[in-house]
Amino acid sequence: MLCFHVCAGEIFELKAELNSDKKEKKKEAVKKVIASMTVGKDVSALFPDVVNCMQTDNLELKKLVYLYLMNYAKSQPDMAIMAVNTFVKDCEDPNPLIRALAVRTMGCIRVDKITEYLCEPLRKCLKDEDPYVRKTAAVCVAKLHDINAQLVEDQGFLDTLKDLISDSNPMVVANAVAALSEIAESHPNSNLLDLNPQSINKLLTALNECTEWGQIFILDCLANYAPRDDRESQSICERVTPRLSHANSAVVLSAVKVLMKFMEMLPKDLDYYGTLLKKLAPPLVTLLSAEPELQYVALRNINLIVQKRPEILKHEMKVFFVKYNDPIYVKLEKLDIMIRLASQANIAQVLAELKEYATEVDVDFVRKAVRAIGRCAIKVEQSAERCVSTLLDLIQTKVNYVVQEAIVVIKDIFRKYPNKYESVIATLCENLDSLDEPEARAAMIWIVGEYAERIDNADELLESFLEGFHDESTQVQLQLLTAIVKLFLKKPTETQELVQQVLSLATQDSDNPDLRDRGYIYWRLLSTDPVAAKEVVLAEKPLISEETDLIEPTLLEELICHIGTLASVYHKPPSAFVEGSRGVMHKRLPARTGSLVSVIPSHTLSFFLGGDIGGSAAMGAGFGAVPAVMPASLNAPMGGGLGDLFDLGGGVGMPLGAYIPPKTVWLPAMKAKGLEISGTFARRAGVIQMELTLTNKAMSVMTDFAIQFNRNSFGLAPAGPLQVLSPLSPNQTIEVSLPLSTVGPVMKMEPLNNLQVAVKNNIDVFYFSCQYPISMLFVEDGKMERQVFLATWKDIPNENESQFQIKDCHLNSDAASNKLQASNIFTIAKRTVEGQDMLYMSIKLSNGIWVLAELRVQTGNPNYTISVKCRAPEVSQCVFQCCEAVLKN
Amino acid sequence: MIGGLFIYNHKGEVLISRVYRDDIGRHAVDAFRVNVIHARQQVRSPVTNIARTSFFHVKRSNIWLAAVTKQNVNAAMVFEFLYKMCDVMAAYFGKISEENIKNNFVLIYELLDEILDFGYPQNSETGALKTFITQQGIKGQTKEEQSQITSQVTGQIGWRREGIKYRRNELFLDVLESVNLLMSPQGQVLSAHVSGRVVMKSYLSGMPECKFGMNDKIVIDKAGKGGVTDDVAKSTTGKQSIAIDDCTFNQCVRLSKFDSERSISFIPPDGEYELMRYRTTKDIILPFRVIPLVREVGRTKLEVKVVIKSNFKPSLLAQKIEVRIPTPLNTSGVQVICMKGKAKYKASENAIVWKIKRMAGMKESQISAEIELLPTNDKKKWARPPISMNFEVPFAPSGLKVRYLKVFESKLNYSDHDVIKWVRYIGRSGIYETRC
């Protein structure tokens, strides 16, 4: 901390100077105060003296005093009131510059008491005749909203702000748009911006006239609009494309965002679609001639664009070639994009470049370049041979980290092209001793195990690793275990001792549960049925995917909606790095009229055996094959001992019925002129249904039933009309089931799962509200991959975690897991620590929100503990209630 | 939006600290100092996230500028703003140095108050700012002057004020190009492009409307196809036209007009400004060709021979030619022989620097050097950085030609013919490298 304490003498001196009669001396004193403030000295003691200088006609002095006020008003709220009068007076000044200055500064004084005094001057300034004052007042509404949102709503400032969007001055429009966009972000469901074709037209007109910054605000706001059809979308694109020639890179990127988003809606066979694609490439390339920091932002975005629409830049490979003097962050990003653009057409050039890079100085860059060569081999089959020989050349350099990196990628190449390049194994084995990084060691061990039959001294090689078994990292230990088992299955006669040794090391001397579990499985497998063991361990591996490091498609879509922003730089959704309610809303690309086709790379994930091989996704995918085959082929001969290991929720549990709460009376007959409604909610085959029992307790026949929902938290809406076919005669009861969709209008309710319903019949309209169990919204594909789960769990801040107790529940953990699964609460993994079972579970809501949970069950203790983590913590309570209901039912 | 803006010296001491948002506290100032400035290593990313706070930073000589936020802001905009802020400061007090910042801190605070409001960038055109941020107070202004200022700051033509008068209407137009090349040792062009700028200095009265034309292929083809036989088309059909890959314009240019008609029309700012930037990749005239020959004679000696050939009209002269030949780190001695210019081995820069003052077109020159090396046991081979070149030539390597620049001012009594116009072409080397 750099926080000086100003000595009393200095303060005293300043005090005297501030109270001096001479204007110049006063001004100099205030300057000194500001200078001290800047470096972090505490000069708050001078508050009254500085505020006394405020009443001046010297504008420079006034601005300095204002600066001081903004800094210290919060620590001295009572004294800050002293300044109010001057502000109010200044807001009436004939000089528009002074009026604007006053309203600008007042908004920055974050003292609750002052805000009430601010309202009247602000109201006047919003309607000021001078545009400079209006544009400043527009921003002031956003400031006030940040301090006291309720006040802004009550005073009607939001409406005035909306009116400013139609202002004649483009800068006023731009600032109003910026302020409204920010306010709207903290009220995700309000219709504040109210974008419709008319207002969009106004914004597009203002776009041509306002400053570069204003253009950015407007384009960013436009990107949130959902055009009604492809024609509207095309006409907006046509009016946005000229912005691609702007000198300001941020204007260009924001325009690219709008185009990338709206392009989704255009039919692909449209001529205009092709024209637009062509127009996008040159401005993206031009961004690379900007200053390095902007280049970095541009490259991070291009990385996303290339994944979403590779066709745009496929001919522009050369511009991503690394320059000797590029900063390292630009180099690394360029390299990433080069690999994504690599294809058969340009592979020769790319390889020549990569080889060049592999001799550079920066270690990270060199490593990435070596890895890139391997990725090229996997991506472009024709180049594989050249890549392998390049890698061998690099291994010959004997530069330690180059060798290690090369071995890691060669392992992937083996996986992709089995039985083709194994001749190089000898060269690899020469470098065994120099490997000191876990990833490289693990890769080398994998190669030895996989090709044990071709390596004469495979047993010696593996044995040498075994000596320091306990000093190795988990990754290497797991790999060594698997490799030796493979070796044993291939050469059983000579290696019996070795396998015994590794199994006992793994099961008896290790306290790593993953290693122990894997050891036990192998042990039992080998002792029960060696034939099955062979089938399992030496099973054919699925091919590895060509592309690695791809961003998951739904995340990619979201990031495309955030082009130009920090989210696109971090490649993370805003909710991952922004605190509070902002950014919780997930943005989506609009759907084309047809269906959206996206290619999802199939990453098979390993549960037990391969789960901890991090780093190379390609390798992880390979090991995944083992456990996937295992339960099927081992079912019959397996003893009870293994059974419990596999008895996880995933895929094995019996399909149970989902939990449906009993029907309750929602609308008593007394309140509805004789109509009684009771009902419940159910999820059947992925469809949410509202099941109603209508009873006519009146004396006359009821007809013409209809139903409507108010806006609600998850956008529930009837998917069809209420099917009551025949009239309901007195004392008759009928059962109706109404399918629901989740695409209706959204508004946050209190409690979250509250639903307000209106039912109409020939007599009247009746209103009631009911609460649905949130489990109705748990979708069937809510099972998260294990690694994603781990990453997400870590990613969600701890303050979003809430813990609950479930009392008196007498299920064991497996039964609980099965029960939960029936309601789409999926168990990802189970761990047992000191008699306590921990179940890790994931849930996906119909609106795409993920909820992660950890359930702790202690044998013999009927009280469970559940911890719920979610990016939108407000759902936690509901989720808990629901889990409790499911478990106790 | 931007939550705060800090300026530090190279030691990490705060020179300017302006906080716009409540979520940015004093600790943010220190966090950046500790994590970035004091880290004393190469910057691995210009955006740093520390404890959920994002710092955008740029460095100008010894000075760090950092914009801070906790929200998902428009990152490109923040950097553009930081650059703009450097421009504004430079326009007010010259070089951005610790001394200048300390001497002008009151002015900087005043500027920051004006060009960023609650973290939203506002009009930051120096032309407009200088009318009312003067460090002299605004007491003397009349009501008309005040409203003129506010309408200019918020208006459509925020970059130019009304009522400018010159006795002599004059225009200077510079076409500045930097030609970039990456060539393989065998003489194959790996990548080449020209990035050019059209920079203008205009001293024109009133609110003139300007129209700029160049030998852009699209415009000329269009004119040719349409069968237009005006003077312009005639005079240019003989000349070569160039294909422009992409161009960007100063905010004064009407972009929608360029998009629809490909004509460049604008009301210019007063004084110096950059009208446009462009990039070309086709048919570039590469002014120099470098032919390297490196031979390793044993483990302690290198022989280097480099030939440069100039490739343009013999009547033109290139200037300030400099060839930089990198040498290994374990160099112990160098002997150089060159036919023209001066060559020196600079141990501190690990390079032989060969300088030639002037060289006419279609000429050739050669340097040869013997480099003696100390024996080392370093396993890693020498990376052989590329040979780079610097030069200046009096033509545009892209082939761009200015066809016309017309000035119309209907309200004042001067016409296009009365304006004195100067055009100049300068081609410079950008990153002009040949691998060896």
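Biologist: In which element of chain B is B:Thr154 found?
Modeller: This is a predicted model, and the answer is read from its coordinates. B:Thr154 has a side chain that reaches the backbone oxygen of B:Thr150 at 2.9 Å. The element that holds B:Thr154 is helix 6 of chain B.

Biologist: Is B:Thr154 buried or exposed?
Modeller: Leaving aside neighbours within four places in sequence, B:Thr154 is in contact with A:Pro131, A:Tyr132, A:Lys135, A:Asn169, A:Pro170 and A:Met171. Its relative accessibility is 1%. Buried means under 20%, so B:Thr154 counts as buried.

Biologist: Which residue of chain A has a side chain joined to that of B:Thr154 by a polar contact?
Modeller: The contacts of B:Thr154 in chain A include A:Asn169, A:Pro170 and A:Met171. A polar contact of 3.1 Å joins the side chain of B:Thr154 to that of A:Asn169.

Biologist: At the start of helix 12 of chain A, which residue has the backbone nitrogen that a side-chain oxygen of A:Asn169 reaches?
Modeller: Helix 12 of chain A covers residues 170–186. At the start of this helix, a side-chain oxygen of A:Asn169 comes to within 2.8 Å of a backbone nitrogen. That nitrogen belongs to A:Met171.

Biologist: How far apart are the end C-alpha atoms of helix 12 of chain A?
Modeller: Helix 12 has 17 residues, and at 1.5 Å a residue it should span 24 Å. Of these 17 residues, 15 are buried, so the helix is largely enclosed by the rest of the structure.

Biologist: Which residues of chain B does A:Ala250 touch, not counting residues up to four places away in sequence?
Modeller: A:Ala250 is placed in helix 16 of chain A, residues 249–263. With a relative accessible area of 0%, A:Ala250 is buried. Beyond the sequence neighbours, A:Ala250 touches A:Ile216 in its own chain, and in chain B it touches B:Asn74, B:Ala76, B:Met77 and B:Glu80.

Biologist: Which domain does UniProt list for residues 778–888 of chain A?
Modeller: Over these residues the chain is 30% helix and 35% strand, and the end C-alpha atoms are 18 Å apart. The name comes from an unreviewed UniProt entry, which gives "Beta-adaptin appendage C-terminal subdomain".

Biologist: Which strands are included in what covers the buried residues of helix 37 of chain A?
Modeller: Helix 37 runs over residues 876–888. Its buried residues include A:Val879, A:Phe880 and A:Leu887. Their cover includes helix 36 (813–822), along with strand 9 (801–806), strand 11 (836–844), strand 12 (850–858) and strand 13 (864–870).

Biologist: Where does A:Pro751 lie?
Modeller: Most peptide bonds are trans. The bond from A:Glu750 to A:Pro751 is cis, with omega near -10°. A:Pro751 lies in the loop between strand 6 (733–741) and strand 7 (754–760) of chain A.

Biologist: Is B:Lys320 buried or exposed?
Modeller: B:Lys320 is placed in strand 16 of chain B, residues 317–326. B:Lys320 has a positive phi of about 50° although it is not a glycine. Its relative accessibility is 57%. Exposed means over 50%, so B:Lys320 counts as exposed.

Biologist: How far apart are the C-alpha atoms of B:Ser368 and B:Val306?
Modeller: B:Ser368 lies in strand 20 of chain B, residues 364–373, and is partly exposed, at 25% relative accessible area. Its contacts include B:Val304 and B:Lys305. B:Ser368 and B:Val306 are 62 residues apart along the chain, and their C-alpha atoms are separated by 6.3 Å.

Biologist: What percentage of the residues in chain B is buried?
Modeller: Chain B has 9 helices and 23 strands, and its C-alpha trace spans about 80 × 70 × 35 Å along its principal axes. Among its 436 residues, the buried share is 54%.

How values were computed
Residues numbered from 1 in each chain as written. Chains lettered and ligands numbered in written order. Heavy atoms only, no water. Helix = DSSP H or I, 4+ residues; strand = E, 2+ residues; numbered from the N terminus. Expected span 1.5 Å × (residues − 1). Buried < 20%, exposed > 50% of the residue type's maximum accessible area, 1.4 Å probe, protein only. Polar contact = N/O pair within 3.5 Å; in protein donor to acceptor, adjacent residues only side chain to side chain. Contact = heavy atoms within 4.5 Å. UniProt positions renumbered as here; feature names shortened; annotations may be inferred.
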